[in-house]
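Hi everyone, thanks for making time today. Please have a look at the model on the screen before I start.

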Amino acid sequence: MSGETARDLMHAGVRCVEAHETLDRAAQMMRDMNVGALPICGSDDRLKGIITDRDIVVKCVAHGQDPSKITAGDLATGLVWVSADADVAEALAKMEQNQIRRLPVIENGRIIGMISEADLARHLPDDKMAEFVHRVYAGG
């Protein structure tokens with residue numbers, strides 16, 4: 001693990017939902033890509049935040065709002081990211097400090113990938129993965 005960077009952990013080819021797209025469109029994209037979260041990008045192709053399937057349910061549907069009338073940008077939260085060249089410890093620290101399970105990876109101001117729990121599980125030793133899970137889920 002020593003010497004590895006966020007770029008080594010991430011999965012590339014991440015697609016953004018544009019900030020002007022509606023939540024029903026974001027949900028369709030999540031379904032089609034079999035993911036639970038999408039980065040939100042503006043027309044400038046810059047990261048504006050991230051939206052999860054849970055955000056759509058809790059912050060829109062549960063409040064009786066129409067997901068075809070609310071945009072992804074309206075719910076854009078979590079502008080936490082890591083540089084592609086950051087070491088693994090920095091990426092883990094950001095995820096643990098913010099209690100997040102997905103972390104966008106940025107290079108030259110643009111999103112180039114995402115680090116998920118599955119990516120961590122493939123790269124981290126079992127004891128480090130267990131520690132991460134404890135800190136993120138238990139707030140430890």
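This is a predicted model: local features need pLDDT of at least 70, side-chain atom pairs count only at pLDDT 80 or more; totals for chains, interfaces and linings use all residues.

Residues are numbered from 1 along each chain as its sequence is written, and side-chain values use heavy atoms, with hydrogens and water left out.

Let's start with strand E7, residues 110–116; strands here are DSSP runs of E with at least two residues, numbered from the N terminus. Five of the seven residues in E7 are buried, meaning under 20% relative accessible area with a 1.4 Å probe, protein chains only.

Which strands pair with E7 in the antiparallel sense? One is E1, residues 11–12, over two bridges, and the other is E6, residues 102–107, over six bridges. Pairing requires that DSSP finds at least two bridges between the strands. Ala-12 has Gly-113 of E7 as its bridge partner, while Ile-106 stands opposite Ile-111 in E7. E6 and E7 make a hairpin with two residues between them, and Asn-108 in the turn has a positive phi of about 55°.

Now a side-chain contact. The charged end of Lys-94 sits over the ring of Trp-81, 5.4 Å from its centre; the rule is NZ of Lys or CZ of Arg within 6 Å of the ring centre and within 35 degrees of the ring normal.

Finally, the pocket lining. Of the residues lining the largest pocket, six are nonpolar, five polar and six charged. Here Ala, Val, Leu, Ile, Met, Phe, Trp, Tyr, Cys and Pro count as nonpolar, Asp, Glu, Lys and Arg as charged, and the others, Gly among them, as polar.

Conventions. Buried means under 20% relative accessible area, exposed over 50%, partly exposed in between (1.4 Å probe, protein chains only). Helices (H or I, at least four residues) and strands (E, at least two) are DSSP runs, numbered from the N terminus.
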